[in-house]
Amino acid sequence: MKTHEKLLSFTHNIALPYILELPLLQEYLNEIDILLVGSAATGLCTEKSDVDICILCSGTIYSKISKDTNWSQGRPSKIVINEIQLHYYAINVEVIKKSICQHNDLSYYIYSTAKILYKKGNHFDELRTCMDSYLSSKKRITLTYNKLTSRRRALDSIFADSDDPVLRISIVLEILELVLYNIANMDRIAYNRRKRLYKTSLRGKLGQLLKPKIDSLVKLVSLVSDSNQSDFVSTFLSILDNTIEAISQQYLVKVKNP
């Protein structure tokens with residue numbers, strides 16, 4: 001059995017029944033939603049991956065069931081069953097919605113890629129509405145796009161004025177990260193900045209189209225850190241500008257056109 005299949009089987013047959021039998025939840029089983037989140041939900045898991053389960057609830061219920069836990073500090077409860085680590089936590093749906101409205105891309109990624117295991121409340125419906133609004137936000141897309149074009153303008157002066165390899169490479173990596181952000185945003189793709197930005201941001205149509213250019217840019221990163229390698233710098237900037245132009249065309253479609 002493949003790792004993902006194994007974790008899904010564990011989730012449905014062992015982890016979910018365990019969660020549903022928790023004494024602290026018995027009074028509220030008709031008012032909560034339970035989600036599978038993390039790598040087991042996305043399929044980006046390994047043999048060392050944990051199973052992460054979120055109990056989605058109202059603020060009132062959260063205040064009652066979170067006593068004697070560290071959930072508010074971002075530390076889930078843990079138990080090992082059948083040699084698999086299970087993490088579980090409850091969270092007030094309003095906390096997630098607020099985080100997403102504040103343009104927290106990690107929160108959006110975690111809950112937009114979640115799988116529903118148990119649905120008795122309407123909390124996930126509320127959350128989905130919030131996520132749909134976030135995804136189509138022209139303000140979010142514009143802020144990210146403007147950041148990219150601003151840093152691109154700064155890159156020329158960095159390359160021209162500085163021979164510091166650390167400075168040069170840091171600005172290049174920053175721009176590559178912004179390129180990936182923009183591609184994901186244009187494709188309406190959730191991405192994981194902390195772990196798999198490259199892999200998760202290139203899953204869409206634009207991402208697949210531009211992936212060869214991104215791969216070429218990645219290969220040139222260490223070379224452009226050397227101020228004596230002007231040919232590599234020129235190649236890097238040419239590929240980068242072609243990539244940004246493709247992003248710009250998508251940006252005009254999504255934001256500027258009526």
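A nonpolar core is a set of buried Ala, Val, Leu, Ile, Met, Phe, Trp, Tyr and Cys residues joined through side-chain atoms within 4.5 Å. The views below come from a predicted model.

**View 1. The largest nonpolar core.** This core has 51 residues. Those with the most contacts inside it are I19, I32, I53, L56, L86, Y111 and L127. Take L127 as a way in. Leaving aside residues up to four places away in sequence, L127 touches L56, V93, I96, K97, I100 and Y111. Two of these partners, L56 and Y111, are also listed with L127 among the residues with the most core contacts. In soluble globular proteins, nonpolar side chains tend to be buried together.

View 2. The protein has 258 residues, and 47% of them count as buried. Its secondary structure comes to 11 helices and 5 strands. Along the principal axes, the C-alpha atoms fill a box of roughly 65 × 45 × 30 Å. Among contacts with a separation of 6 or more, 66% join residues 24 or more positions apart.

**View 3. Y108 and Y134, a tilted pair.** A search of the whole structure finds 5 aromatic pairs. In one of them, Y108 and Y134 sit 4.9 Å apart, centre to centre, with 40° between the planes. Y108 belongs to helix α5 (residues 105-112) and Y134 to helix α6 (residues 123-135), so the pair ties together parts 26 residues apart in sequence. Y108 is at 8% relative accessibility, so Y108 counts as buried. Y134 is at 5%, so Y134 counts as buried too. The ring of Y134 has a charged neighbour: R140 lies over its face, at 4.5 Å from the ring centre.

**View 4. Y181 and Y191, a stacked pair.** The rings of Y181 and Y191 are 5.2 Å apart, centre to centre, with 20° between the planes. Y181 lies in helix α8 (residues 165-187), and Y191 in the loop between α8 and α9 (197-201), so this pair ties together parts that are 10 residues apart in sequence. Both residues are buried.

**View 5. An aromatic cluster.** Y18, W71 and Y88 form one aromatic cluster.

**View 6. The largest cavity.** Rolling a probe the size of a water molecule over the atoms shows where empty space is left. The structure holds 1 cavity of 30 Å³ or more. The largest cavity has a volume of about 40 Å³. Which residues line the largest cavity? They are D105, Y108, Y134, L135, R140, A184, N185, I189, A190 and Y191. Elements giving two or more residues to this lining are α5, α6 and α8.

**View 7. The largest pocket.** About 990 Å³ of space lies in this pocket. There are 33 lining residues, and the closest to the pocket centre are V37, Y89, L106, I110 and R194. Helices α2 (39-42), α4 (93-101) and α5, together with strand β4 (84-92), each supply at least two residues of the lining. Helix α5 also gives two or more residues to the lining of the largest cavity.

Notes:
Residues are numbered from 1 along each chain as its sequence is written. This is a predicted model: local features need pLDDT of at least 70, side-chain atom pairs count only at pLDDT 80 or more; totals for chains, interfaces and linings use all residues. Side-chain values use heavy atoms; hydrogens and water are left out. Rings of Phe, Tyr and Trp (its six-membered ring) pair if their centres lie within 6.5 Å; planes under 30 degrees apart count as stacked, over 60 as edge-to-face and the rest as tilted. Helices (H or I, at least four residues) and strands (E, at least two) are DSSP runs, numbered from the N terminus. Buried means under 20% relative accessible area, exposed over 50%, partly exposed in between (1.4 Å probe, protein chains only). A charge sits over a ring if NZ of Lys or CZ of Arg is within 6 Å of the ring centre and within 35 degrees of the ring normal. Contact means heavy atoms within 4.5 Å. On a 1 Å grid over the protein atoms alone, a cavity is a set of points where a 1.4 Å probe fits but cannot get out, and a pocket is an open set with protein on both sides within 12 Å along at least five of seven lines; lining residues have an atom within 4 Å of a point. Grid points are joined across faces, edges and corners, and a volume is the space filled by probe spheres set on the points.
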